[in-house]
Each structure stands twice: as C-alpha cells, then as structure tokens.
Amino acid sequence: MKMKRALGLGLSLAMAATSFVMPVAVHAEGTDEEITLNVCIHYYDDNKDLAEYAAEKVKEKYPNVTLVFEDYQQDGGQTLKTRAATGDLPDIFKVDGGLCETLIKSGSILQLDDYIEESNYTENLPQNVIDSCLYSSDGHIYQFPVDGIAPVLWYYNKQIFEENNIKVPTNYDELMTAIEELRAIDIIPIAFFGKEPWPVGAFFDSFAVKENEGGVKALSEGTAMASDEGYTKAINKIADAVEAGIFQDGVTNTDYETANALFMEGKAAMFLNGSWYVADVIKGLGENGAIMDTYPTADAGESEESMSRMAGGPDTNGMAVSASTKYPEIAMDVAGIFTAAREEREFTYYKQLTVPVKTDELQIEGELEPLRQTLLEKVPTYTYGSKFIHTLINTEFSADMIEELQKLLVGESAEDFIKNVDKSIEKTTK
C-alpha cells in the first residue's frame, strides 16, 4: 500500500528534557471525521501512563482521533489469535515475534515497508534494532519495535540472603545449596510464573546457553539435539533443581501477578524476568533489589565467555496494525507516532535502558538508581545466541517444547523430557 507524502508536515515528539524529534512525513489524506482506534497494549501501572502520554502526542497531529485502550492479555498471544480468526482484532495491537509470524501467514496484519521507508522511521532506531528487531522471516516489516533487545535476568532479594546468612549463588552447586537452605526456613527459592510460555523457555535457556550458546533456538532449527552432551547436562541440572524445590507449588498454574506478589512480599528469594522488570524491583524492594552477575547454573570456574551468554535478546516485538482496520493509513501513522513517543518516554521518565530508539540526544530525568546503573554497565557485555521461545519461527516445535518444559517443571524425568524433545526436533525440522 503506497502512502501519500504530506509536504511540509511532520510531528515533533520533543519531550521534557529532550531535543529528540521523530520525523513523520507521511500520512493519509486529512479528514475532519471523528475516528476511534482500538489499541491493545499493556495498560496498567506505569504502562498506563506510557500509553496515555503517547496518546496525547497522537492528538497533536490528529485531534480528531481518539484511542481506546484495552489491556494486552499475557497468554502467549492466544487471545489475539482467536480474535484474528473471528475478524475481531483491535486496530493497533502489541505482537511478539511468534504471534507476528502467525498473523503474517493469515494475512491479519498490514505490511509497513512503505510507511517505514517514506516516514524515515529507521532514522531514530539503533542499528542493532534495525538488524535484529525490525524484519520478520519473510524480509518485510509488520511492527513498530517496542521493548528493544532485552536480557532475561535473575533478580534476588538481598535482605533474605543477608539476614539468613545464605550465600547468593554464583554457580550450580551454590544454587543447590541455596535451595536447600531457603527451603529449610520456608522461603521459596524462585517465584515463577510458569503458566506463561516465555518464562518457561527463558528458564530453560538460563541453563542451556551455558553449555550451548544456541539454546532453545538451536534445538528448534535441528542443529542440536536434547540428547547432545551439553543439553543433557543442562536438562539434568534443571530436573535436580525442580526435585530440590526451586519453585513454589503449582508453578505451571501460576500467573505473573501471583508470582510477583510472592517475590515482593518476601516469600521468595529470587525471581526470573526481563530487564524491563527493573523498575518494579526498585519500587517494590528498594535497596534490597539486586540482579545476579550471571545465571548460577554453570559449574564453578566457568569461562568469561560463558558468563556473558544470556537468555532473551532480540525479537520482532512491537505494535502492529490490523489488516481489517477501517482506517489503514491513519492507523499506520498513529501507530508510528504512538510507539516512538511511548518508547522515548520509557527511557527519559521511567529510565528503561533497552528501549528501541536512539538515546544519544535524550536526557534521563533524575539520577540512575544503583540497580539501573549496574544494568547499564552490564548490558553492553551481554551476548545472545538463542531467542525467546515464543518467537521461534518453528512454531510447531516451540509449542511441543513449552508443553514438555511445563511437564519438566512439575517432575517429568530428564530422560523422558530428552526423548520427547528429540522426537519433536525430528518431526518438526524435516
């Protein structure tokens, strides 16, 4: 779909304490019609403020456009897949890589190549985001990037470890000791929301990448097998940790809100989440919130190269536009303005350090807290060889793997897990 260039028009997204300008040089023909666009995105706590701030920036160009928000359901994209099948998608909505690939195949979202090119949208994206987070597997663009290249981190409550004289683990043996000591004082070692797909895959990768940097991605491509020596070692470690009681009861039925409450209330010592969770840790735990230097899942004496390997990383995660929207050109422009404004404010006001916009000319409001400063120093050292499990192109394998991982987290034997995963690799990579 070709867009019409609006001569002399553009939207300045200058924010408080910044001189950043997001050029938006194309849009649909002007209209005085009152337009309502439905937008599905995380819409709670700080995310609500981000959405409403970005909506005000949209209003500066489109005073006749009203955005109506609905909260994105954290269910691995199942709700949006169902709505796509019934033709009931919001006009603009958040997608991750896996959901994006599914909706591309069904023709449910608009291709954005022309808009991105004519609006010069990429001028304000870091090169690593352009390289890793913009293009889908068919070489086209379907989303405006959000969240950036985010590592998965192991967070912990310093107070719990210090008051109980328990060593913060740095390797697998120390992790197993910590699990035993925490269980002895009725503290959950890791509060975990195993009901969602992506944390399950990220937990697996926090073990697997120590032995094979390709992690779950290599398995999905058939370039590695679960029965390979390194993977077998990692899988047996996971099984032993599960048996030792690393998680709360009912882990695979636990949602984010429940697991987060366990961690924030001091009932759990550790928590796995992405780098975006730093703000919540600072708000909830203050000086007691910390991140581990590396995953405590390798043997003692691991190499520096292995220490830098992280789960998570790049994804085609962003705001997409429904192919069934009544106002495709306006919706594309609104989505671009909205996303750029949201991500910039997330950096300047909420101090999120991995946003997918250039930050050279942006000024963070206030000082960085120690935990953010630590993360700022660590992010450049991280490397990523795997991917979030829900973003894998081999969606048949990822579905099998998620199911097997959830079984492993509640006691499936390592032997059965390895056998079943190898069967899935053979079945889905031919």
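Predicted model: local features only at pLDDT ≥ 70, side-chain atom pairs only at ≥ 80, totals over all residues.
Along the way, helix 8 bends by about 35° at Asp-205. The helix is also mostly covered, with 14 of its 15 residues buried.

Lys-210 belongs to this helix. Its relative accessibility is 7%, and because buried means under 20%, Lys-210 counts as buried. Leaving aside residues up to four places away in sequence, Lys-210 touches Thr-294, Tyr-295, Thr-297, Ala-298, Glu-302, Ser-306, Met-307 and Arg-309. Val-278 lies 68 residues from Lys-210 along the chain, and the C-alpha atoms of this pair are separated by 23 Å.

Attention can now turn to pairs of helices. Helix 7 (residues 172–184) meets helix 10 (residues 229–244), their axes coming within 10 Å and crossing at roughly 15°. Since angles under 35 degrees count as roughly parallel, helix 7 and helix 10 are placed in that class. Their crossing is right-handed. On the helix 7 side, the contact is made by Tyr-172, Met-176, Ile-179 and Arg-183, while helix 10 contributes Lys-237, Asp-240, Ala-241 and Ala-244.

A second pair is formed by helix 1 (residues 45–61) and helix 14, which pack at an angle of about 130° with their axes 8 Å apart. That angle makes helix 1 oblique to helix 14. The crossing of helix 1 and helix 14 is right-handed. Residues of helix 1 in the contact include Asn-47, Leu-50, Tyr-53, Ala-54, Lys-57, Val-58 and Lys-61.

Helix 14 itself runs over residues 328–348, and Thr-348 is found in it. With a relative accessibility of 1%, against the limit of under 20% for buried residues, Thr-348 therefore counts as buried. Gly-366 comes 18 residues away from Thr-348 in sequence, and the two are 9.0 Å apart in space, taken from C-alpha to C-alpha.

Note on methods:
Residues numbered from 1 in each chain as written. Heavy atoms only, no water. Bend = angle between axes of the 7 residues up to and from the residue. Helix = DSSP H or I, 4+ residues; strand = E, 2+ residues; numbered from the N terminus. Buried < 20%, exposed > 50% of the residue type's maximum accessible area, 1.4 Å probe, protein only. Axes fitted to C-alpha atoms, helices over the stretch in contact; angles between N-to-C directions. Parallel < 35°, antiparallel > 145°, perpendicular 65-115°, else oblique. Left-handed = near helix turned anticlockwise from the far one by under 90°. Contact = heavy atoms within 4.5 Å.
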